[in-house]
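Thanks, everyone. I will go through a few packing details and then the contact between the chains. Please have the structure open.

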Amino acid sequence: MSGGARIWALHLALVAMLFAALFVLPTYHATNLARIMVLAVFAMGYNLAFGYTGLLSLGHAMFFAAGMFAMGLPVWHWGLGGGPALLLGLVAGGAMAGAVGLLALRTAGVSFMIVTLMFAQAGYLTILYFGQVTGGDEGFVVDAAARRLFGFDLSSDVPRYLAALALFAAAMAGCLWLVRSPFGRVMVAMRENEERSRMLGYDPFRVKLAALVISGVYAGAAGAAYGLLFGYVGGSFATIQYSILPMLYVLLGGAGTVLGPFLGALLMFYLIDITSGFTSAWLFFVGAALVLLILFAPKGILGTIRERGARWLP
Amino acid sequence: MAALMETEGLVRHFGGLKAVDGVNFRLEPGEIHALIGPNGAGKTTFVSLLSGRLPVQAGRITLSGRDITRLPAHARVRAGIAYTFQITSIYPRLSVFDNVALAVQSRGAADIAAGVAEALARVNLTGFDAQEAGTLSYGHQRLLEVAMGLALNPRVLILDEPTQGLAAGEIEGFKALIRSLVPDTTILLIEHNMDVVMDLADRITVLNFGRVLAVGTPDAVRADPGVQDAYLGGHHAAG
C-alpha cells in the first residue's frame with residue numbers, strides 16, 4: 001500500500017469505527033462522543049494554526065463563539081433555518097479570524113498570544129454588554145424548529161450523532177488534504193523557519209493570515225454546530241476557558257498531527273467526566289495529566305508515536 | 001550591455017556605523033562576481049539590501065532596469081533573486097525532500113518531485129531525500145542550502161560565504177558546481193577564501209568601510225595598490 005493510501009485508510013477506519021460506535025455505545029456515551037467530535041473539529045482548527053503554522057493563539061474562543069452566535073442570533077431573532085444558520089456560523093468564524101489576524105499578525109510569539117487573548121476578552125465583554133441582543137450571561141435556548149437539517153431532527157440522539165460525525169469526517173478529510181498539499185508544506189515551513197521561508201519567496205503575513213482564517217472557519221463551524229446540536233448558545237463559550245481547551249486537546253493528542261485533536265479531546269473529555277464524578281477537585285487531575293505529558297511526552301501522544309517510528313503519520 | 005542588477009548610491013547606516021555608504025555596483029548578466037573586503041567592510045549588509053532582508057535608507061536598486069528598491073524580500077525572490085545565508089538556514093526538522101520542495105513549488109513548478117530530484121542531483125545529494133535535514137553533515141547542509149537556491153531557478157544567486165566550513169575536497173566540487181551554473185544564472189559571491197575567489201570570479205568588487213575600493217578582474221584587483229594596502233597586502237604580510 002502506498003503512503004497516501006495507507007494514510008487515507010487509517011482515517012477512514014476511524015470514521016467507520018465512530019459510525020459503528022453509534023450502534024454499540026449506550027446513549028449517554030454516544031451523546032458524549034457527539035460532543036467530543038464537535039469539540040475535536042474546534043481543536044483541529046486550532047491545530048492548523050498552532051500545530052502546523054506555529055501560531056500560538058489564546059483567542060480561539062472568540063472564533064468559536066462567533067460561529068455559535070452567528071448561527072444562534074438569526075435563529076432567535078428572525079427565525080432563520082438550521083442549514084443557513086450553520087453556514088453563517090462558519091463564515092463568521094473565518095471572517096472574525098481574518099479581522100483579528102490582520103491586526104494581531106503584526107506581532108509574533110508571546111505578543112501574538114497576548115493580543116489574541118485581548119481581542120477574545122473584548123469579544124466576551126461585548127457579548128455581555130449587548131446582553132439584550134445576545135442573551136448575555138444566561139444565553140438562550142435554540143428554538144427546536146430551527147434544529148433540523150435535511151428533514152432530520154437534531155435534538156434526537158441518532159440524527160445528532162450522525163450530524164456530528166458528518167461534520168467531523170468532513171473536517172478531518174479537509175485537514176488531511178490541506179496538510180498534505182503544497183500549501184500545508186508552506187504552513188509548516190513558517191512554523192519551522194520563517195526567515196528562510198521568506199527568502200524562498202513566501203510572504204509570511206499572507207500565509208499566516210490564510211492559515212488563521214482556515215482555522216477560524218473550523219472554529220466557527222464547530223461553534224455553530226455545537227449550538228445547533230445541543231440547543232444552547234451562551235456567553236460562557238466566549239470565555240478564556242474555550243481558548244485553552246482546544247490547546248489542551250491539541251497538546252495532549254499531539255500538535256501537528258491530524259488525529260491528535262480528536263484523541264486529545266476524547267481523553268481530556270473523559271478525564272474530566274470521570275474525575276468530576278467523584279471529586280470537585282477534578283482540575284487537579286487535569287493539571288497532573290498535563291505535568292505528566294510535559295515530562296514524558298512533550299510532543300503529545302501521537303507526536304511521540306510519530307517520533308518513535310510511525311514517521312508516515314500526517 | 002545592460003546590467004542585470006545595478007545599484008546607485010546605496011546607503012545603510014546603523015547609528016553611527018556606515019555599513020554601506022553610497023555604493024554604486026553593476027552585476028553583468030552571466031558573470032561570476034565576487035564581493036570581498038575585510039571583516040566589517042559591509043559585504044553582508046550590502047547583499048542584505050540587494051535581497052531585501054534590510055530596508056534601504058537611500059539610493060536605488062534595479063533588476064533588468066526595473067526599480068526594486070522598495071520591493072519586499074519575498075517578492076524579490078519571486079523576481080529571480082535567490083539568497084543563501086551565511087549561517088546555514090534550512091528546515092532542520094523537515095526531510096531533505098521537503099526542504100527542496102519548498103523552493104521548487106515557490107517557483108510554480110508543476111512536477112515538484114522532478115524538480116527536487118534535479119536540484120539534489122546538481123549538488124550530489126541524490127538519495128538523501130528522506131533524511132531529516134538536521135541530521136546531515138555540515139558540508140551536506142551547505143550543499144542542501146545551495147540546492148534550495150538552485151531549485152528556485154534564480155536569475156541571480158547570491159551566495160554568502162558558501163565555502164565556510166567546507167573540507168578541501170568539498171571546495172573543489174563546489175567550484176565545479178558554480179562554474180556549471182553560469183551563464184544561465186548570474187552569481188554574486190561573498191567569499192573569504194582568496195583561492196576560490198581568484199579561481200572563480202570574472203570580476204571582483206572590493207568593499208572597505210562601506211565604500212567601493214576597487215572593481216575589476218582578479219588580476220587588476222590583485223595589482224591595485226589601494227587594495228593591497230587595505231586588504232590583500234596587509235593580509236599577506238601578516239600571514
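I start with a pair of helices in chain A: H12(A) passes H13(A) in a right-handed crossing. Keep in mind that this is a predicted model. H12 covers residues 260–278 of chain A and H13 covers residues 282–296, and their axes come within 8 Å and cross at roughly 140°. H12(A) and H13(A) are therefore oblique to each other, since angles over 145 degrees would be needed to count as roughly antiparallel.

Which residues make the contact? From H12(A) they are A:Leu271, A:Ile272, A:Thr275 and A:Ser276, and from H13(A) they are A:Trp282, A:Phe285, A:Val286 and A:Ala289. By class, this contact of H12(A) with H13(A) has 6 nonpolar residues, 2 polar ones and no charged ones.

Now a pair in chain B. Helix H4 of chain B, residues 112–122, and helix H5 of chain B, residues 138–151, have axes that come within 9 Å and cross at roughly 130°. H4(B) and H5(B) are therefore also oblique to each other. The crossing of H4(B) past H5(B) is right-handed. On the H4(B) side the residues are B:Gly115, B:Ala119, B:Leu120 and B:Arg122, and they meet B:Ala147, B:Leu150 and B:Ala151 in H5(B). The residues of this contact divide into 5 nonpolar, 1 polar and 1 charged.

B:Ala147 comes up again in the core. The largest nonpolar core has 172 residues, and those that touch the most other members are A:Val38, A:Val41, A:Tyr218, A:Ala222, B:Val100 and B:Ala147. Helix H2 of chain A, residues 27–52, gives the most to this core, with 16 residues. As general background, nonpolar side chains tend to be buried together in soluble globular proteins.

Take A:Tyr218 from that list. What is A:Tyr218 in contact with, leaving aside its neighbours within four places in sequence? The partners are A:Val41, A:Phe42, A:Met44, A:Gly45, A:Leu48 and A:Ala171.

Last, the contact between the chains. Chain B puts in 19 residues and chain A 15 residues. On the side of chain B that touches chain A, helix H2 (73–79) and helix H3 (96–106) of chain B each supply at least two residues. H3(B) has the largest share of that side, 6 residues. By class, the side of chain B that touches chain A has 11 nonpolar, 5 polar and 3 charged residues.

That is what I have; questions are welcome.

Note on methods. Residues are numbered from 1 along each chain as its sequence is written. Chains are lettered from A and ligands numbered from 1 in the order in which they are written. This is a predicted model: local features need pLDDT of at least 70, side-chain atom pairs count only at pLDDT 80 or more; totals for chains, interfaces and linings use all residues. Two residues are in contact if their C-beta atoms, placed from the backbone, lie within 7 Å. Helices (H or I, at least four residues) and strands (E, at least two) are DSSP runs, numbered from the N terminus. Ala, Val, Leu, Ile, Met, Phe, Trp, Tyr, Cys and Pro count as nonpolar, Asp, Glu, Lys and Arg as charged, and the others, Gly among them, as polar. A nonpolar core is a set of buried Ala, Val, Leu, Ile, Met, Phe, Trp, Tyr and Cys residues joined through C-beta atoms within 7 Å. A residue is buried if 20 or more other C-beta atoms lie within 10 Å of its own, exposed if 12 or fewer, and partly exposed in between; C-beta atoms are placed from the backbone. Axes are lines fitted to C-alpha atoms, for helices over the stretch in contact, and angles run from 0 to 180 degrees between N-to-C directions. Angles under 35 degrees count as roughly parallel, over 145 as roughly antiparallel, 65 to 115 as roughly perpendicular and the rest as oblique. A crossing is left-handed if the near helix is turned anticlockwise from the far one by less than a right angle, and right-handed if clockwise.
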